[in-house]
Amino acid sequence: MSPELTNHPLIRADGSATHTTSLFTILAAVNGPIEVQRRDELPEEAAIEVNIRPCAGIGGPRERWLESVLAALLKSVLLVHAHPRTLMQVTLQVLKEPSSGVRVRRRLGDVAVLPALVNAAFAACVDAGLPLGRTVVAGLAVVREDGDGVVVDPDEKALAGCRSVHAMGFDAQGELLLNESGGQFELRQWQDVFEVLKTTAAVAIAPTGEDEAMMNGDGTPAPWLRQALEGNAREAGAWRGVG
Amino acid sequence: MASTIFLPGEQVPSEVLPRSKKGTLTLGPGLRHIPPATVLATTLGSLHIDHKKAALWLEHENGRYQPAVGDLVIAQIHHSSVDTWHCSLTPHTSLALLNQLAFESASRKNRPNLKSGDLVYARVSRCSKWDDVEIEGFNSATGKAEGMGPLKGGMAFGISPAFARRLMMGTGKDGLAKGGVVVLDEVGEKVKFEVAVGRNGRVWVDSGSVKTTITVGRLLQSADEEKWDVERQRKEVKKALRDV
(Lines give C-alpha, C1' and ligand atoms only; values in the text may rest on other atoms or scores of the structure.)
Protein backbone atom coordinates (compact mmCIF):
# COMPACT_ATOMS: atom_id res chain seq x y z
CA MET A 1 0.00 0.00 0.00
CA SER A 2 1.43 3.34 -0.98
CA PRO A 3 1.34 6.08 1.66
CA GLU A 4 -1.50 8.57 1.49
CA LEU A 5 -1.59 12.25 2.29
CA THR A 6 -4.67 14.43 2.90
CA ASN A 7 -4.24 18.17 2.79
CA HIS A 8 -5.75 20.69 5.23
CA PRO A 9 -8.33 18.55 7.05
CA LEU A 10 -8.56 21.12 9.89
CA ILE A 11 -9.65 24.61 8.84
CA ARG A 12 -8.88 26.33 12.16
CA ALA A 13 -5.22 25.35 12.30
CA ASP A 14 -2.71 27.27 10.19
CA GLY A 15 -1.65 24.05 8.54
CA SER A 16 -2.72 20.44 8.86
CA ALA A 17 -2.40 17.07 7.17
CA THR A 18 -3.27 13.43 7.67
CA HIS A 19 -0.83 10.75 6.66
CA THR A 20 -1.70 7.06 6.29
CA THR A 21 0.80 4.22 5.94
CA SER A 22 0.19 0.50 6.12
CA LEU A 23 0.69 0.67 9.91
CA PHE A 24 -0.31 4.12 11.16
CA THR A 25 -2.59 7.07 10.53
CA ILE A 26 -1.35 10.39 11.88
CA LEU A 27 -3.18 13.71 12.07
CA ALA A 28 -0.82 16.68 12.22
CA ALA A 29 -1.64 20.32 12.94
CA VAL A 30 0.80 23.22 12.80
CA ASN A 31 0.35 26.70 14.21
CA GLY A 32 2.96 29.31 13.67
CA PRO A 33 4.68 31.62 13.89
CA ILE A 34 2.87 32.51 17.13
CA GLU A 35 3.77 34.25 20.35
CA VAL A 36 6.15 32.25 22.52
CA GLN A 37 6.25 32.01 26.30
CA ARG A 38 9.03 34.13 27.73
CA ARG A 39 10.89 31.14 29.20
CA ASP A 40 10.99 29.31 25.82
CA GLU A 41 11.89 32.39 23.79
CA LEU A 42 15.08 32.22 21.73
CA PRO A 43 16.56 35.58 20.68
CA GLU A 44 17.86 34.47 17.28
CA GLU A 45 15.45 31.80 16.12
CA ALA A 46 12.01 30.30 16.43
CA ALA A 47 11.29 27.80 19.18
CA ILE A 48 9.82 24.49 18.05
CA GLU A 49 7.26 22.74 20.19
CA VAL A 50 6.12 19.23 19.32
CA ASN A 51 3.17 17.59 21.06
CA ILE A 52 2.43 13.95 20.38
CA ARG A 53 -0.80 12.38 21.53
CA PRO A 54 -1.00 8.60 21.47
CA CYS A 55 -3.94 6.61 20.15
CA ALA A 56 -5.31 6.01 23.63
CA GLY A 57 -4.50 7.50 27.00
CA ILE A 58 -2.10 10.33 27.73
CA GLY A 59 1.49 10.66 26.64
CA GLY A 60 4.35 9.34 28.71
CA PRO A 61 8.13 9.02 28.47
CA ARG A 62 7.75 7.33 25.06
CA GLU A 63 5.96 10.35 23.61
CA ARG A 64 8.49 12.73 25.21
CA TRP A 65 11.27 10.81 23.48
CA LEU A 66 9.48 10.88 20.12
CA GLU A 67 8.88 14.61 20.56
CA SER A 68 12.56 15.26 21.19
CA VAL A 69 13.59 13.30 18.08
CA LEU A 70 11.02 15.12 15.97
CA ALA A 71 11.89 18.58 17.30
CA ALA A 72 15.55 18.05 16.43
CA LEU A 73 14.63 16.94 12.91
CA LEU A 74 12.20 19.82 12.33
CA LYS A 75 14.84 22.28 13.46
CA SER A 76 17.06 21.14 10.60
CA VAL A 77 14.20 21.43 8.12
CA LEU A 78 12.48 24.69 9.15
CA LEU A 79 14.30 27.96 8.54
CA VAL A 80 14.10 28.95 12.21
CA HIS A 81 16.07 32.17 11.70
CA ALA A 82 13.31 33.64 9.55
CA HIS A 83 11.03 34.16 12.56
CA PRO A 84 13.06 34.89 15.70
CA ARG A 85 11.33 35.03 19.10
CA THR A 86 8.32 33.11 17.88
CA LEU A 87 6.97 29.61 18.29
CA MET A 88 6.21 26.90 15.75
CA GLN A 89 3.77 24.53 17.37
CA VAL A 90 3.34 21.05 15.91
CA THR A 91 0.67 18.76 17.30
CA LEU A 92 0.48 15.14 16.19
CA GLN A 93 -2.36 12.78 17.00
CA VAL A 94 -2.01 9.06 16.32
CA LEU A 95 -5.35 8.00 14.88
CA LYS A 96 -4.58 4.39 14.01
CA GLU A 97 -1.83 2.04 15.10
CA PRO A 98 -1.22 -1.71 14.67
CA SER A 99 -3.98 -3.64 16.41
CA SER A 100 -3.20 -4.84 19.91
CA GLY A 101 -3.45 -8.48 18.76
CA VAL A 102 -0.06 -8.10 17.09
CA ARG A 103 2.63 -8.19 19.74
CA VAL A 104 5.37 -5.73 18.92
CA ARG A 105 8.33 -5.31 21.22
CA ARG A 106 8.29 -1.92 22.89
CA ARG A 107 11.38 -0.33 21.41
CA LEU A 108 10.57 -1.64 17.93
CA GLY A 109 7.09 -0.11 18.05
CA ASP A 110 8.53 3.22 19.18
CA VAL A 111 10.86 3.42 16.21
CA ALA A 112 8.19 2.19 13.78
CA VAL A 113 5.92 5.20 14.34
CA LEU A 114 8.66 7.76 13.62
CA PRO A 115 8.55 7.87 9.78
CA ALA A 116 4.78 8.38 9.78
CA LEU A 117 5.13 11.19 12.34
CA VAL A 118 7.90 12.85 10.34
CA ASN A 119 6.02 12.75 7.05
CA ALA A 120 2.79 14.02 8.64
CA ALA A 121 4.57 16.84 10.47
CA PHE A 122 6.42 17.86 7.31
CA ALA A 123 3.24 17.91 5.22
CA ALA A 124 1.51 20.05 7.84
CA CYS A 125 4.46 22.47 7.94
CA VAL A 126 4.26 22.77 4.17
CA ASP A 127 0.53 23.42 4.39
CA ALA A 128 1.10 26.12 7.03
CA GLY A 129 3.43 27.91 4.62
CA LEU A 130 6.31 27.96 7.09
CA PRO A 131 9.72 28.69 5.58
CA LEU A 132 11.43 25.37 4.93
CA GLY A 133 15.01 24.72 3.94
CA ARG A 134 14.47 21.35 2.37
CA THR A 135 12.04 18.57 1.60
CA VAL A 136 12.26 15.58 3.91
CA VAL A 137 10.94 12.06 3.38
CA ALA A 138 11.14 9.38 6.05
CA GLY A 139 10.92 5.65 5.48
CA LEU A 140 10.58 2.53 7.59
CA ALA A 141 12.23 -0.82 7.01
CA VAL A 142 12.62 -4.02 9.02
CA VAL A 143 15.17 -6.82 8.84
CA ARG A 144 13.55 -10.25 8.86
CA GLU A 145 14.08 -12.75 11.68
CA ASP A 146 16.53 -14.81 9.59
CA GLY A 147 18.83 -11.77 9.43
CA ASP A 148 18.63 -11.48 5.65
CA GLY A 149 16.20 -9.58 3.53
CA VAL A 150 14.95 -6.07 4.11
CA VAL A 151 11.24 -5.27 4.06
CA VAL A 152 10.38 -1.65 3.28
CA ASP A 153 7.11 -0.22 4.60
CA PRO A 154 6.26 -3.48 6.44
CA ASP A 155 2.76 -4.61 7.37
CA GLU A 156 1.76 -5.68 10.88
CA LYS A 157 2.90 -9.26 10.39
CA ALA A 158 6.31 -8.31 9.12
CA LEU A 159 6.75 -5.86 12.01
CA ALA A 160 5.78 -8.44 14.61
CA GLY A 161 8.20 -11.04 13.30
CA CYS A 162 11.30 -8.96 12.69
CA ARG A 163 14.77 -8.78 14.15
CA SER A 164 15.32 -5.03 13.87
CA VAL A 165 13.45 -1.88 12.86
CA HIS A 166 15.02 1.14 11.14
CA ALA A 167 13.55 4.61 10.61
CA MET A 168 15.46 6.99 8.37
CA GLY A 169 14.76 10.38 6.87
CA PHE A 170 16.41 11.87 3.82
CA ASP A 171 16.23 15.19 2.00
CA ALA A 172 16.18 15.65 -1.77
CA GLN A 173 19.99 15.59 -1.91
CA GLY A 174 20.00 12.19 -0.18
CA GLU A 175 21.38 13.53 3.10
CA LEU A 176 20.53 11.51 6.20
CA LEU A 177 18.44 13.63 8.59
CA LEU A 178 16.95 10.99 10.84
CA ASN A 179 18.39 7.68 11.90
CA GLU A 180 16.77 5.61 14.65
CA SER A 181 16.98 1.84 14.96
CA GLY A 182 15.72 -0.79 17.35
CA GLY A 183 16.45 -4.49 17.86
CA GLN A 184 19.55 -6.51 17.04
CA PHE A 185 21.50 -5.85 13.88
CA GLU A 186 24.99 -5.64 12.50
CA LEU A 187 26.63 -2.82 10.59
CA ARG A 188 26.30 -4.75 7.33
CA GLN A 189 22.53 -5.02 7.79
CA TRP A 190 22.25 -1.35 8.66
CA GLN A 191 24.11 -0.51 5.47
CA ASP A 192 21.72 -2.63 3.41
CA VAL A 193 18.74 -0.88 5.00
CA PHE A 194 20.38 2.51 4.43
CA GLU A 195 20.81 1.88 0.72
CA VAL A 196 17.25 0.59 0.30
CA LEU A 197 15.62 3.42 2.25
CA LYS A 198 17.71 6.04 0.47
CA THR A 199 16.42 4.75 -2.85
CA THR A 200 12.78 4.69 -1.72
CA ALA A 201 13.10 8.23 -0.37
CA ALA A 202 14.59 9.41 -3.65
CA VAL A 203 11.74 7.75 -5.53
CA ALA A 204 9.10 9.43 -3.32
CA ILE A 205 10.21 12.91 -4.42
CA ALA A 206 11.62 12.08 -7.84
CA PRO A 207 10.74 14.69 -10.46
CA THR A 208 7.76 13.62 -12.51
CA GLY A 209 8.90 13.17 -16.08
CA GLU A 210 6.85 13.60 -19.20
CA ASP A 211 6.77 9.84 -19.68
CA GLU A 212 4.91 9.50 -16.39
CA ALA A 213 2.41 6.97 -17.68
CA MET A 214 5.16 4.77 -19.00
CA MET A 215 7.05 4.90 -15.71
CA ASN A 216 4.07 3.70 -13.71
CA GLY A 217 3.24 1.11 -16.31
CA ASP A 218 6.36 -0.98 -15.75
CA GLY A 219 5.82 -1.27 -12.02
CA THR A 220 8.09 1.50 -10.77
CA PRO A 221 6.57 3.03 -7.64
CA ALA A 222 5.13 6.50 -8.11
CA PRO A 223 6.72 9.55 -6.45
CA TRP A 224 3.87 9.70 -3.93
CA LEU A 225 5.05 12.68 -1.89
CA ARG A 226 5.73 14.89 -4.91
CA GLN A 227 2.46 13.92 -6.51
CA ALA A 228 0.50 14.67 -3.33
CA LEU A 229 2.19 18.03 -2.77
CA GLU A 230 1.97 19.12 -6.40
CA GLY A 231 -1.69 18.13 -6.40
CA ASN A 232 -2.26 20.47 -3.45
CA ALA A 233 -0.47 23.32 -5.16
CA ARG A 234 -2.50 22.84 -8.34
CA GLU A 235 -5.74 22.82 -6.40
CA ALA A 236 -4.73 26.03 -4.64
CA GLY A 237 -4.18 27.75 -7.97
CA ALA A 238 -7.31 26.34 -9.58
CA TRP A 239 -9.26 29.60 -9.27
CA ARG A 240 -6.92 31.22 -11.78
CA GLY A 241 -8.29 28.96 -14.50
CA VAL A 242 -11.83 30.25 -14.12
CA GLY A 243 -11.11 33.83 -13.01
CA MET B 1 -0.31 30.31 -17.37
CA ALA B 2 1.83 27.19 -17.32
CA SER B 3 3.07 27.48 -13.77
CA THR B 4 5.89 25.37 -12.45
CA ILE B 5 5.50 23.90 -9.00
CA PHE B 6 8.41 23.89 -6.59
CA LEU B 7 8.96 21.82 -3.47
CA PRO B 8 10.74 23.36 -0.45
CA GLY B 9 14.50 23.48 -0.99
CA GLU B 10 14.39 23.15 -4.76
CA GLN B 11 16.45 25.50 -6.84
CA VAL B 12 14.85 27.84 -9.33
CA PRO B 13 16.81 27.26 -12.56
CA SER B 14 18.74 30.33 -13.66
CA GLU B 15 17.20 30.17 -17.15
CA VAL B 16 13.75 31.13 -15.86
CA LEU B 17 14.96 34.09 -13.81
CA PRO B 18 13.77 37.30 -15.50
CA ARG B 19 16.39 39.73 -16.77
CA SER B 20 15.99 43.44 -16.23
CA LYS B 21 17.98 46.32 -17.68
CA LYS B 22 19.36 47.25 -14.28
CA GLY B 23 20.38 43.70 -13.61
CA THR B 24 18.35 43.56 -10.41
CA LEU B 25 15.91 40.90 -9.34
CA THR B 26 13.03 41.18 -6.88
CA LEU B 27 12.24 38.11 -4.83
CA GLY B 28 8.78 37.77 -3.33
CA PRO B 29 7.39 35.38 -0.74
CA GLY B 30 8.46 31.74 -0.77
CA LEU B 31 11.91 32.32 -2.20
CA ARG B 32 15.32 32.99 -0.72
CA HIS B 33 18.57 34.03 -2.26
CA ILE B 34 21.87 32.42 -1.40
CA PRO B 35 24.81 34.41 -2.78
CA PRO B 36 26.10 34.48 -5.40
CA ALA B 37 23.32 33.31 -7.69
CA THR B 38 21.23 30.57 -6.12
CA VAL B 39 17.49 31.05 -5.67
CA LEU B 40 15.81 28.41 -3.52
CA ALA B 41 12.14 27.75 -2.81
CA THR B 42 11.25 27.85 0.88
CA THR B 43 7.70 26.59 0.51
CA LEU B 44 5.46 24.57 -1.76
CA GLY B 45 3.95 26.72 -4.45
CA SER B 46 3.60 27.64 -8.08
CA LEU B 47 6.15 30.05 -9.49
CA HIS B 48 4.92 33.36 -10.84
CA ILE B 49 7.11 35.74 -12.80
CA ASP B 50 6.54 39.39 -13.59
CA HIS B 51 8.98 40.14 -16.42
CA LYS B 52 8.25 43.88 -16.41
CA LYS B 53 9.27 44.30 -12.79
CA ALA B 54 11.87 41.51 -12.89
CA ALA B 55 10.06 39.97 -9.93
CA LEU B 56 9.28 36.39 -9.06
CA TRP B 57 7.45 34.77 -6.20
CA LEU B 58 5.89 31.50 -5.10
CA GLU B 59 2.19 31.42 -4.48
CA HIS B 60 0.99 29.34 -1.55
CA GLU B 61 -2.56 29.19 -0.33
CA ASN B 62 -2.70 28.46 3.37
CA GLY B 63 -0.87 29.63 6.42
CA ARG B 64 -0.86 32.46 8.88
CA TYR B 65 -0.88 36.08 7.76
CA GLN B 66 2.59 37.66 7.81
CA PRO B 67 2.49 41.46 7.97
CA ALA B 68 4.18 43.40 5.18
CA VAL B 69 4.46 47.18 4.80
CA GLY B 70 1.53 48.65 2.89
CA ASP B 71 -0.94 45.84 3.60
CA LEU B 72 -4.46 46.92 4.51
CA VAL B 73 -5.59 45.04 7.60
CA ILE B 74 -8.54 44.94 9.96
CA ALA B 75 -7.14 45.26 13.47
CA GLN B 76 -9.00 44.70 16.69
CA ILE B 77 -8.13 46.93 19.66
CA HIS B 78 -6.87 44.82 22.55
CA HIS B 79 -5.95 47.45 25.11
CA SER B 80 -4.80 51.02 25.34
CA SER B 81 -1.61 52.47 26.77
CA VAL B 82 -0.50 56.12 27.13
CA ASP B 83 -0.51 57.14 23.48
CA THR B 84 -0.88 53.89 21.57
CA TRP B 85 -3.40 51.17 21.13
CA HIS B 86 -2.30 47.58 21.12
CA CYS B 87 -4.22 45.70 18.43
CA SER B 88 -4.40 42.10 17.38
CA LEU B 89 -4.02 41.22 13.70
CA THR B 90 -4.02 37.43 14.01
CA PRO B 91 -4.72 35.29 17.07
CA HIS B 92 -1.84 34.27 19.34
CA THR B 93 0.71 36.64 17.84
CA SER B 94 2.24 39.62 19.56
CA LEU B 95 0.11 42.76 19.33
CA ALA B 96 0.57 45.47 16.72
CA LEU B 97 0.99 49.11 17.80
CA LEU B 98 -1.36 51.83 16.59
CA ASN B 99 -0.51 55.42 17.49
CA GLN B 100 -3.58 57.20 18.87
CA LEU B 101 -2.81 60.22 16.66
CA ALA B 102 -2.34 58.14 13.50
CA PHE B 103 -5.76 59.07 12.10
CA GLU B 104 -6.96 61.70 9.67
CA SER B 105 -7.16 65.13 11.32
CA ALA B 106 -6.47 63.68 14.76
CA SER B 107 -4.89 65.93 17.37
CA ARG B 108 -4.23 65.77 21.10
CA LYS B 109 -7.68 67.17 21.78
CA ASN B 110 -9.55 65.46 18.97
CA ARG B 111 -8.83 61.81 18.52
CA PRO B 112 -11.04 58.78 18.00
CA ASN B 113 -12.31 57.22 21.17
CA LEU B 114 -11.73 53.49 20.72
CA LYS B 115 -12.37 50.83 23.31
CA SER B 116 -11.10 47.31 23.55
CA GLY B 117 -12.84 45.13 20.97
CA ASP B 118 -13.35 47.91 18.41
CA LEU B 119 -12.21 47.38 14.83
CA VAL B 120 -9.93 49.65 12.80
CA TYR B 121 -9.20 49.51 9.09
CA ALA B 122 -5.50 50.28 8.97
CA ARG B 123 -2.32 50.05 6.94
CA VAL B 124 0.86 48.31 8.07
CA SER B 125 3.41 51.12 8.29
CA ARG B 126 6.39 49.30 9.72
CA CYS B 127 7.31 45.70 10.32
CA SER B 128 10.49 43.80 10.91
CA LYS B 129 11.15 40.40 12.35
CA TRP B 130 12.98 41.99 15.28
CA ASP B 131 10.38 44.55 16.24
CA ASP B 132 6.69 45.02 16.93
CA VAL B 133 4.46 45.65 13.93
CA GLU B 134 3.19 49.23 13.60
CA ILE B 135 -0.02 50.18 11.85
CA GLU B 136 -1.66 53.51 11.05
CA GLY B 137 -5.23 54.64 10.42
CA PHE B 138 -4.38 57.08 7.61
CA ASN B 139 -1.80 57.53 4.89
CA SER B 140 0.99 59.31 6.75
CA ALA B 141 2.48 60.61 3.49
CA THR B 142 -0.63 62.51 2.43
CA GLY B 143 -2.47 62.85 5.74
CA LYS B 144 -5.65 61.55 4.11
CA ALA B 145 -7.77 58.69 5.43
CA GLU B 146 -8.11 56.96 2.03
CA GLY B 147 -10.87 54.77 3.35
CA MET B 148 -9.06 53.82 6.54
CA GLY B 149 -10.17 54.55 10.08
CA PRO B 150 -12.39 53.09 12.79
CA LEU B 151 -15.07 50.65 11.60
CA LYS B 152 -18.36 51.37 13.34
CA GLY B 153 -21.23 48.92 13.48
CA GLY B 154 -21.27 45.94 11.14
CA MET B 155 -19.63 42.64 11.79
CA ALA B 156 -16.26 41.01 11.05
CA PHE B 157 -15.94 37.55 9.52
CA GLY B 158 -12.88 35.34 9.36
CA ILE B 159 -11.65 34.14 5.98
CA SER B 160 -8.40 32.65 4.79
CA PRO B 161 -5.62 35.15 3.96
CA ALA B 162 -5.42 33.78 0.42
CA PHE B 163 -9.11 34.46 -0.14
CA ALA B 164 -8.70 37.97 1.28
CA ARG B 165 -5.96 38.56 -1.25
CA ARG B 166 -8.21 37.40 -4.07
CA LEU B 167 -10.98 39.72 -2.87
CA MET B 168 -8.58 42.67 -2.98
CA MET B 169 -7.28 42.01 -6.48
CA GLY B 170 -9.92 44.26 -8.02
CA THR B 171 -11.21 44.05 -11.55
CA GLY B 172 -9.12 43.77 -14.66
CA LYS B 173 -9.46 45.73 -17.92
CA ASP B 174 -12.03 43.25 -19.20
CA GLY B 175 -14.34 44.10 -16.28
CA LEU B 176 -13.94 40.68 -14.70
CA ALA B 177 -12.80 40.13 -11.14
CA LYS B 178 -9.11 39.22 -11.27
CA GLY B 179 -9.34 37.06 -8.17
CA GLY B 180 -12.26 35.05 -9.49
CA VAL B 181 -14.59 36.21 -6.69
CA VAL B 182 -17.86 37.73 -7.84
CA VAL B 183 -19.88 37.35 -4.63
CA LEU B 184 -19.61 41.03 -3.67
CA ASP B 185 -20.43 42.30 -7.16
CA GLU B 186 -23.42 40.00 -7.45
CA VAL B 187 -24.83 40.92 -4.02
CA GLY B 188 -24.10 44.61 -4.65
CA GLU B 189 -26.46 44.63 -7.63
CA LYS B 190 -29.40 43.76 -5.38
CA VAL B 191 -28.75 45.16 -1.90
CA LYS B 192 -26.75 47.99 -0.39
CA PHE B 193 -23.88 47.24 1.95
CA GLU B 194 -20.43 48.38 2.98
CA VAL B 195 -17.43 46.11 3.04
CA ALA B 196 -13.77 46.28 4.11
CA VAL B 197 -11.32 43.49 3.43
CA GLY B 198 -8.20 43.03 5.57
CA ARG B 199 -5.24 41.08 4.30
CA ASN B 200 -4.98 39.43 7.71
CA GLY B 201 -7.96 37.25 6.84
CA ARG B 202 -10.83 39.37 8.09
CA VAL B 203 -13.68 40.92 6.21
CA TRP B 204 -15.99 43.50 7.73
CA VAL B 205 -19.52 43.89 6.42
CA ASP B 206 -22.14 46.47 7.33
CA SER B 207 -25.58 47.02 5.87
CA GLY B 208 -29.00 48.29 6.89
CA SER B 209 -30.10 45.04 8.52
CA VAL B 210 -28.37 42.38 10.55
CA LYS B 211 -29.81 39.73 8.28
CA THR B 212 -28.19 41.12 5.15
CA THR B 213 -24.87 41.59 6.93
CA ILE B 214 -24.77 37.98 8.05
CA THR B 215 -25.91 36.71 4.65
CA VAL B 216 -23.06 38.49 2.90
CA GLY B 217 -20.50 37.36 5.48
CA ARG B 218 -21.65 33.75 5.32
CA LEU B 219 -21.56 33.76 1.53
CA LEU B 220 -17.95 34.92 1.61
CA GLN B 221 -16.98 32.34 4.21
CA SER B 222 -18.58 29.47 2.32
CA ALA B 223 -17.09 30.62 -0.98
CA ASP B 224 -13.70 30.45 0.71
CA GLU B 225 -14.07 27.14 2.53
CA GLU B 226 -15.86 25.25 -0.22
CA LYS B 227 -13.80 26.81 -3.03
CA TRP B 228 -16.77 27.90 -5.13
CA ASP B 229 -16.11 28.70 -8.76
CA VAL B 230 -17.70 31.73 -10.42
CA GLU B 231 -20.80 29.83 -11.58
CA ARG B 232 -21.42 28.37 -8.14
CA GLN B 233 -20.94 31.80 -6.54
CA ARG B 234 -23.62 33.32 -8.81
CA LYS B 235 -26.02 30.49 -8.02
CA GLU B 236 -25.50 30.66 -4.27
CA VAL B 237 -25.86 34.45 -4.20
CA LYS B 238 -29.19 34.20 -6.01
CA LYS B 239 -30.36 31.55 -3.58
CA ALA B 240 -29.29 33.50 -0.51
CA LEU B 241 -30.82 36.78 -1.68
CA ARG B 242 -34.25 35.23 -2.06
CA ASP B 243 -34.65 35.28 1.72
CA VAL B 244 -33.40 38.82 2.27
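This is a predicted model: local features need pLDDT of at least 70, side-chain atom pairs count only at pLDDT 80 or more; totals for chains, interfaces and linings use all residues.

A:Pro33 lies in strand 3 (residues 25–34) of chain A, where helices (H or I, at least four residues) and strands (E, at least two) are DSSP runs numbered from the N terminus. The peptide bond that joins A:Gly32 to A:Pro33 is cis, with omega at about -5°.

Residues are numbered from 1 along each chain as its sequence is written, chains are lettered from A and ligands numbered from 1 in the order in which they are written, and side-chain values use heavy atoms, with hydrogens and water left out.

For chain A the mean pLDDT (the predictor's confidence in each residue, from 0 to 100) is 90, and 92% of its residues reach 70 or more. Within chain A, confidence is lowest in helix 5 (residues 212–217), at a mean of 50, and highest in strand 4 (residues 47–53), at 97.

**Backbone angles**

Most residues other than glycine have a negative phi, and most peptide bonds are trans. A:Asp153, in the loop between strand 7 (150–152) and helix 3 (156–160) of chain A, has a positive phi near 50°. With a relative accessibility of 28%, A:Asp153 counts as partly exposed; buried means under 20% relative accessible area, exposed over 50%, and partly exposed in between (1.4 Å probe, protein chains only). In chain B, phi of B:Ser105 is likewise positive, near 50°. B:Ser105 sits in the loop between strand 9 (96–99) and strand 10 (119–126) of chain B and is exposed, at 60% relative accessibility.

**Salt bridges**

Over all chains the count comes to 19 salt bridges, a salt bridge being a side-chain nitrogen of Lys or Arg within 4 Å of a carboxyl oxygen of Asp or Glu.

| Pair | N to O distance |
|---|---|
| A:Asp110 and A:Arg62 | 2.4 Å |
| B:Arg64 and A:Asp14 | 2.5 Å |
| B:Arg165 and B:Glu59 | 3.0 Å |
| B:Glu236 and B:Lys239 | 4.0 Å |

The side chains of A:Asp110 and A:Arg62 meet in a salt bridge. A:Asp110 lies in helix 2 (residues 106–127) of chain A and A:Arg62 in helix 1 (residues 61–77), so the pair ties together parts that are 48 residues apart in sequence. A:Asp110 is buried, at 11% relative accessibility.

In chain B, B:Arg165 forms a salt bridge with B:Glu59. B:Arg165 is in helix 1 (residues 161–167) of chain B and B:Glu59 in strand 6 (residues 55–59), so this pair ties together parts that are 106 residues apart in sequence. B:Arg165 is partly exposed, with a relative accessible area of 26%, whereas B:Glu59 is buried, at 14%.

**The interface**

The size of an interface is often given as the accessible area lost when the parts come together. Between chain A and chain B the buried area is about 2,900 Å², of which carbon and sulfur atoms give 58%; this is the accessible area (1.4 Å probe) that two parts lose on being put together, summed over both. The contact (heavy atoms within 4.5 Å) takes 41 residues from chain A and 35 residues from chain B.

Two salt bridges are found across this interface. B:Arg64 pairs with A:Asp14 in a salt bridge. A:Asp14 occupies the loop between strand 1 (4–7) and strand 2 (15–20) of chain A and is buried, with a relative accessible area of 11%. Leaving aside neighbours within four places in sequence, the residues in contact with A:Asp14 include A:His8, A:Gly32, A:Asp127, B:Asn62 and B:Gly63.

**Helix 4 of chain B**

Helix 4 (residues 230–241) of chain B has twelve residues and reaches 17 Å from its first C-alpha to its last, close to the 16 Å expected at 1.5 Å a residue; the expected span is 1.5 Å times one less than the number of residues. Its buried residues are B:Val230, B:Gln233, B:Glu236, B:Val237, B:Ala240 and B:Leu241. Seen down the axis of helix 4, these fall within an arc of 125°, so they line one face of the helix; the arc is that of the directions from the helix axis to the C-beta atoms. On the other side of the helix, B:Glu231, B:Lys235 and B:Lys238 are exposed.

B:Glu236 and B:Lys239 are three residues apart in helix 4 of chain B, and are therefore separated by about one helical turn. B:Glu236 is buried, at 14% relative accessible area, while B:Lys239 is partly exposed, at 49%.
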